[in-house]
Amino acid sequence: MTGTTQIFRDAGSDRMHRAKWWTSRIAIYGALTIWAIICLFPIYWTVTTSFKLAPDVMKGNMVPWLDFTPRWKGWQSLGLSPDVIFQTSTVREEFLKRFWNSLITSLTSSGLAVVLGSLAAYGLSRFSYRFGFMRNSDISFFFLSQMILPPVVLALPFLVLYKSLALLDTRIGLILLYTLMVLPIVIWIMRDQFAGIPVELEEAALVDGLGIWGAFFQIVLPIALPGMVAAFILSLVLTWNEYFFAALLTATDAKTLPVMVASQTGSQGINWWSMAALSGAAILPLVVVAIFLEKYIIKGMAAGAVK
Amino acid sequence: MSTQGDLLHIVTSDTISPRRVRAGRVLVWVAGLGFLGVAAWQILFASGRVPWGFDNWRPVLLAYLVWATALCAAQVIVRGEAGKRTLFILPAVLFVVSLVVFPLLFGLYISFTDWNLASQQGMQPNGLNNLRQMWNDAFFWNALKNMVYYVLAVFVEYAIAFGLALLLNAQIRARKFFRVTFLLPLMLSPVAVSWMIGKSMMEIRFGPLARLARELGWDRPSFFGSPEVARFMIMAMDAWTFIPFMMIMLLAGLQALPKEVIEASKVDGASAWQSFWEVIFPLMLPVSVTAIVIRVIFKLKLADIIINVTSGGPGGATDSVTSFIFREYRDRSNVGYGTLLAMVYLVLIIIFVTLLLKVVARFMERPQ
């Protein structure tokens, strides 16, 4: 048994093929990794900076425990580190108040937009309306055209209007505006969802004696629920991050988190660690949402795109 | 944009008594007159013709809400089943109309006044002075020119987003991890982004991006010093946040493509390049156009990052129209003029988007 001549071997073309496969794999994963780093590095930088001291920042240390020892300095300045969490802290109260404002306004306005928008989208996808010269397509266009309305056009009239209505610097005022802002997007997503539900389901329900509202709540709503969650989360992202209206229409009471973050940058030079902690805390909720509810976000954005 | 499901056809035999109809009408009229009465009284009080009234206009708002509720209720009372159908869209219509149309009309009035919050006189109509001022305002035209650049940057974003969507659509492991990672920038608030990247990572002395730039041989990196670089950096940050948006839409489009066509092109011997350019790309055109149009609409509102990173500097090189008007309000309290600019911008946007949709519609018809 000396001859080790291989009887079966890959032909040259096959080997080339394999080499090509490997290059394409490497290229694909290389590109994916590079973009993943581009996406993640700013977040990583913010989170690590919130645990750094001034010298660490200046030396440009990056890796915790290896380059520098993580300290609670940044979170301490927010009153959120373990050693001060049980003491009273004005900064923490301020932060929690802003956080709470952001939470209330974004959740309520998204909820309101989903309720109003779903009803309107269902009506538009099932019944034919006629208000004067406006038919269904005109009404749809009316709603969707709100999307191009730039916030800056509404900002000042609302400032004056809210002043006389005593709604300036209140959460209700912000909620109304935010609802208006995300309503067209909700209608856009939900119209698509309802159009995908076969009308026979409601017809069967009507034959069985439900009214149209009964059919809507008992038959259609459960089916359209994932779409509504998607619309809700997308609205949540937009309203949580909204800065423009909040900056103009709130001063002390109803100030939201983005306004707080923005107002810190100018004041006293840049206080790196506390800014990092603040930014980190501001983005954390939505990062968590993105990780766990990614499916719905993608569903919501895909809804309008593919027909 | 005309997704319309099957219509639900309902035949109902409503017998509504004349008394019920009358009751409904009376309800609307009473509530409406109540609203008008409260509003009129408050106007008289505000102009000092009656001695007492409310501290603010909130009761008028409440009266309006009562009227709106009465209007919704009356739909069912007067028109029965047909009214129940109207009830689906009436709340949304009332909401949008009252929150958009009235403020827009009011804004139109403000924009032809010389109102400055800092001056004590209140507003005085000043005819076309604001328009004349706008005509000579180099900074406004500069901001408009910048918007053109910003909008054109959408095409670059589109190319990158398409590439990423193709990557995510390929046969890869850990797809969910990459999808979530690529989605993350979209979740971050522009304000946080402007600190995280604009102010911290691009800090000239210690920021990691400045260090990287030095490593790569740019001796004294300054990201917001010269107009071109500053504008590019703003574009890059905005792109960073919004590329995932287009990417997800394009990915959804790619996943909905008919597999057979692509396989058929492979069987016919098309290379990867050919099957992309001659099969996938043309099939993706409708989705691409939707994604680009929506992205352009979002881009026209660009402001947060600019306000927080450069405040329009250096010398207005990064200003968008929105950030320019924001500063007009914030720093100069020049309310009348700022509102006029906003109105002009709205008109320009409406013209631009209408033209865009027209062009798109014609462009999309041709292949068929």
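Reader: What pattern does chain A follow, read along the sequence?

Author: Chain A reads α-α-α-α-α-α-α-α-α-α-α-α, with twelve helices and zero strands. Helices (H or I, at least four residues) and strands (E, at least two) are DSSP runs, numbered from the N terminus. This is a predicted model, where local features need pLDDT of at least 70, side-chain atom pairs count only at pLDDT 80 or more, and totals for chains, interfaces and linings use all residues. Residues are numbered from 1 along each chain as its sequence is written, and chains are lettered from A and ligands numbered from 1 in the order in which they are written.

Reader: Which domains are assigned in chain A?

Author: Domain 1 (12-77) and domain 2 (90-305). Such bounds come from an automatic or database domain assignment. The C-alpha centres of domain 1 and domain 2 of chain A lie 34 Å apart.

Reader: How many residues does each domain of chain A put into the contact?

Author: Ten come from domain 1 of chain A and eight from domain 2 of chain A. Contact requires C-beta atoms, placed from the backbone, within 7 Å. On the domain 1 side, α3(A) gives the most, with four residues. By class, that side of domain 1 of chain A has three nonpolar, five polar and two charged residues. Ala, Val, Leu, Ile, Met, Phe, Trp, Tyr, Cys and Pro count as nonpolar, Asp, Glu, Lys and Arg as charged, and the others, Gly among them, as polar.

Reader: Now the chains. How many residues of chain B are in contact with chain A?

Author: 83 residues of chain B, meeting 87 residues of chain A. Helix α3 (residues 81-110) of chain B supplies the largest share of the chain B side, 14 residues. That side of chain B has 59 nonpolar, 15 polar and nine charged residues.

Reader: What about α14(B), how far apart are its end C-alpha atoms?

Author: They are 45 Å apart, which agrees with the 45 Å that the 31 residues of helix α14 (residues 335-365) of chain B should span at 1.5 Å a residue. The expected span is 1.5 Å times one less than the number of residues.

Reader: Which residues of α14(B) are buried?

Author: Among them are B:V335, B:G336, B:Y337, B:Y345 and B:I349. Buried means 20 or more other C-beta atoms within 10 Å of the residue's own, exposed means 12 or fewer, and partly exposed is in between, with C-beta atoms placed from the backbone. The cover over the buried residues of α14(B) includes α6 (151-165) of chain A.

Reader: Which residues have the most contacts inside the largest nonpolar core?

Author: A:A120, A:V186, B:M247 and B:L250, in a core of 164 residues. A core is a set of buried Ala, Val, Leu, Ile, Met, Phe, Trp, Tyr and Cys residues joined through C-beta atoms within 7 Å. A second, separate core of nine residues includes B:A31 and B:F35.

Reader: Last one. Where does A:P226 lie?

Author: In helix α9 (residues 212-240) of chain A. A:P226 is partly exposed, because 14 other C-beta atoms lie within 10 Å. Not counting residues up to four places away in sequence, A:P226 touches A:Y296 and A:K299.

Definitions and conventions. Contact = placed C-beta atoms within 7 Å.
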